[in-house]
Amino acid sequence: MKSIKSQILIYLVLVAVLIFSSLAYFSTKQLEKLNPYVEAQYLEIATARSDQISKELTGALEQVKMLSQSNVVQEMNKDEMMDFLTSVNLGEKYRNMSFSDIEGKGMNTKGVELDISEQEQFKEIILGDKDYWISDPFISPYAEENIPIITVSHVVKRDGVRIGLINAVFSTASLDEVVGGIDVGKSGFSWILDGNGNIVAHPSRDISIHTKATHLIPNQEDIDKVIKDEKGTMIYTCPEGHKFMASFSNIKGSPGWAFIVSIPYEEAFSEISSIIAFFRRMTLVYFIIVAFILYLYARTLSKPIENLKKVFERAANGDLNVKADEKINNELGEAGKSFNTMLSHIKNLTYRDPVTGLYNFNSFMLELPYKMEGLRGEYGIASISIISIDDFKRINSISGYQTGNKVLETLSKRILNFKMPSEMVARYFGDEIIVFLWEADYESLENRIIKLWQLCGLSIDMNHHRFRLKTSIGTSIMSMEKGSYDEVIHEATMAKLKVKNSGGNGYEFYNEAISRMIKEEEELDDAISKALEKEELYLVYQPIVDITTSEIISNEALLRWDNESYGRLPIPVVIEFAERKGYIEDIGFWILNEACRQNKAWQDEGLGLTAISVNISVHQLEKPDFVDKVKIALELSNLAPEYLELEITETTAMENVNEKLATMLKLKRLGVKISIDDFGTGYSSLSYFTKFPIDTLKIDKSFVRDMLEDSNAMTIIDTIINMAKAMDVAITAEGVETLEHMEKLKIMGCDKIQGYYISKPQKASILEQMLKKLP
C-alpha cells in the first residue's frame, strides 16, 4: 500500500501535468489565431504599394490625356508637336514622348522616326476602339540598349475622329526601384506580375520581363489565383522546395498587373513560432520544477501549488490580468515570475493597438479599476481625458492612410512619454486617445492638461510633410468612490465635443455649463423630433435657369423651419443636428415627397416641365432602402423620374466610394438625374468622378462669389467647366449675384446658373406666380 505522501504526490503530479498541458495547449491555440494578423500585415503592404503604383499610372494617363487634348497635338503638325512635347516635363522617370498618325508613322522627342503599327498600343487604340492604353513591358526597336519600356498612350481625336495617338515612355527601372526599395524582412522580396504570367518587375537583375512567373511559383494554379483574384494571401513552394507566403493585390488601372510580397513562411511567422516554442519550453521547465518541489515538499507546498494552479486556470480561461505569487522563496516563486513575464507577452499581443503601440480601449477599461484601487487612500485628483485630432481625415485624404497612421503613432509616443508610471494612455476610437491622469490638486491637473495640449500641438515631420496638429481635449474629474467609469468617459467626451463645436484646438473640463448645453441640446432634440408632427417644416424653391435661353429649367427645393424658439437657427445647423440624432431619414423622406408633389402640381397646371432638385444627406444615401424610398416618392406624386434630380455633396460622394457608386447606378437605372453639389471644396481625386453616373456638377458659390476679384477662383471654375465638358457633364454655377457674374460664366461655357441674380428662394405660392408670368 502506498503512503499518503506518495498518493498526494502522485495526485499533485497528475494535476500539475493536466494544468500545464491544458495551459500549453490552449495558449498555443490562442497564439496560432494570430496568424491571420500576420497575413493581414503583409497584405496591407502589398495593397499600399499596388495603390501607389496605381496612382502613378493613373496620374501619368491623366497627363497624357491632357496633352492629347491640347491644340498643338490635335493639329498634328510634326514640327510644332516636336517643340511642344520636348518642352513638356513629365518627370525624371520618363525616357521620352512620341506621337504617331493613324498609319503608325511618327517620331519621338529624341528625333527618332518611328513605325509603331505593330505595337500593342497602336492595335488597341487605332485599330481597336480604346481611347487609352497602358502597355505591358516590351523591348522597342527604338529604345537604346534593349531596355524594357512601358508606354502610356492616349488617342488624339479631332471632331470625334481618331487622327493619331500620343505616348509617354518610361523604362521598367522605376518599377524595379519600387519593388527593390521595400524592406520585407531578411529574405522576403516584392515583385510585379502581369496578366499573362510574366514578371514585370523584380529586385533581382537576373530576372527580366521574359521570365515567367513559374520561375518563382511552379504551380500554375497559384499563378492563376493571383491573376484572377483582386487581392489575397496564399502559401506556395518555390522550385528549390522552400515554403513561402505570398500576399498580393491587383494594381488598378494597369493592364492586369498584380503586386506580390513573398516571404519565407518560417520567417513570416517566426515571432509567433518562437513565442509558442518559448511557451512550451517554459511549460516543461515549470513542470520539472514543480515535480521536483512536490517530491521534496509534498505536504508543505500543497497550498502554494493549489494557488498557482488557480492562477493557471484563470489564465487558460482568458483572464490575462491575473498574476502569480512571486514572493515564494523557492522555485515556485521563480516559476510565478516567469509565468507573469510570459503572460505579459501574451497580454501585449491581445490588448495592444497595432497602429500606435498603445493599449487598446478594452485593456484600458480592464486596468482602470486596478489603477483606482491602487490610488485609494492617496491625496489627489484622478481624471479621464479624451484627446481628438481636429480634421484628421484631411491628413488621410492628402497624404494617405499610411502617413496618417504614422502621425498618430508619433503623437501616441509623445503622450506615452508624458504620462507618469501611475497613469495610463490608450487608443480610444479612430483618431482619439484616452488618458488617465493623477495630480495632487485641481490647479496641478489643469497645468498638466495645458502641457499635454501644447505637446500635442508640436509639429510632426513625416514623409517630407510637416503637420502641426490641432487637438481638442475634454477632461472629467473622477470620484474615488466606486462608480460608473462609462459616465466619466461620457462627460469627458461631452467636454471634448464642446471644444470642437467652438472651433476646436483647445481643452475643456466638464462642468455645469456643459450640463446646461446638453440640456439645451435635448430641448432642441425634442423640438426637431416633433417638427414634422407639428407641420412646422416647409420648403422654399430657388430657380435654376439655362444661361443661354434664360429659361427656368429646374427649381431647387430648400428646407425651412417655422418655429417660435428656433426659427432663426441656420438650416445647415438643424440638418447637422438631425443627422447626428437620426431624424434626417424621416425629414429627408418628407422633403423628397413634398418636392415631387409640388413639382407635379406645377406641371399639371401647365407651368412648364421643369425638374426639381433635392439635396440628399449622406445618412440617407447610405441606407439600403434609399432607392426604394425614391421610388415611393415618385409613385405617390406620379412624377416622371427624369424630372427629379438628387444633389449629393462632393464630400458625401467620396466617402465609401464603391457603395455610393452602386447606389448611384441604381438611381440612374430608375431614370433619376444626379448632380454633385458644392464641387471644388473637397480634397477628392478628380479621377474618381469619371466613374460616377452624374448629370451635373454644381460649382460651389464660394468660387463664384470671388471669381471677379480672385484669379485662383477663376482658374478653378475654368478647370471644372473644361473637365465637365470632357466628361459630357452639365455645369451649374451657384451663388450668381450680379450680371457680371452671369456674363463671365456664359463666356466660360457654363450651362446653368442659380443665385440671387435670378431669384432668392421663394415659397411655392410666390414662385408659382413667377412661373405664370413667364411667356
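**Charges on show and charges paired up**

Student: Why is K78 called partly exposed?

Tutor: K78 has a relative accessible area of 38% in this predicted model. Buried means under 20% and exposed means over 50%, so K78 falls in between and counts as partly exposed.

Student: And what makes D79 exposed?

Tutor: Its relative accessible area is 55%. The cut-off for exposed is over 50%, so D79 passes. D79 sits in helix 4, and together with E75, E80 and D83 it forms a negative surface patch. Helix 4, residues 78–87, gives that patch its largest share, three residues.

Student: How do you know that E113 and K78 form a salt bridge?

Tutor: Their closest N and O atoms are 3.0 Å apart. A salt bridge needs the nitrogen within 4 Å of a carboxyl oxygen, so the pair qualifies. E113 belongs to strand 3 and K78 to helix 4, so the bridge ties together parts that are 35 residues apart in sequence.

Student: What makes K500 partly exposed?

Tutor: K500 has a relative accessible area of 28%.

Student: How many salt bridges does a search of the whole structure find?

Tutor: It finds 23. Among them is E439 with R448, at 2.7 Å, and both of those residues are buried.

Methods:
Residues are numbered from 1 along each chain as its sequence is written. This is a predicted model: local features need pLDDT of at least 70, side-chain atom pairs count only at pLDDT 80 or more; totals for chains, interfaces and linings use all residues. Side-chain values use heavy atoms; hydrogens and water are left out. Patches are made of residues with over 30% relative accessible area and no salt bridge: like charges are joined within 9 Å, nonpolar side chains (Val, Leu, Ile, Met, Phe, Trp, Tyr) within 5 Å. Accessible areas come from the Shrake-Rupley method with a 1.4 Å probe; for residues, only the protein chains shown count as cover. A salt bridge is a side-chain nitrogen of Lys or Arg within 4 Å of a carboxyl oxygen of Asp or Glu. Lys and Arg count as positive and Asp and Glu as negative; His and the chain ends are not counted. The place of a charge is taken as NZ of Lys, CZ of Arg, CG of Asp or CD of Glu. Helices (H or I, at least four residues) and strands (E, at least two) are DSSP runs, numbered from the N terminus. Buried means under 20% relative accessible area, exposed over 50%, partly exposed in between (1.4 Å probe, protein chains only).
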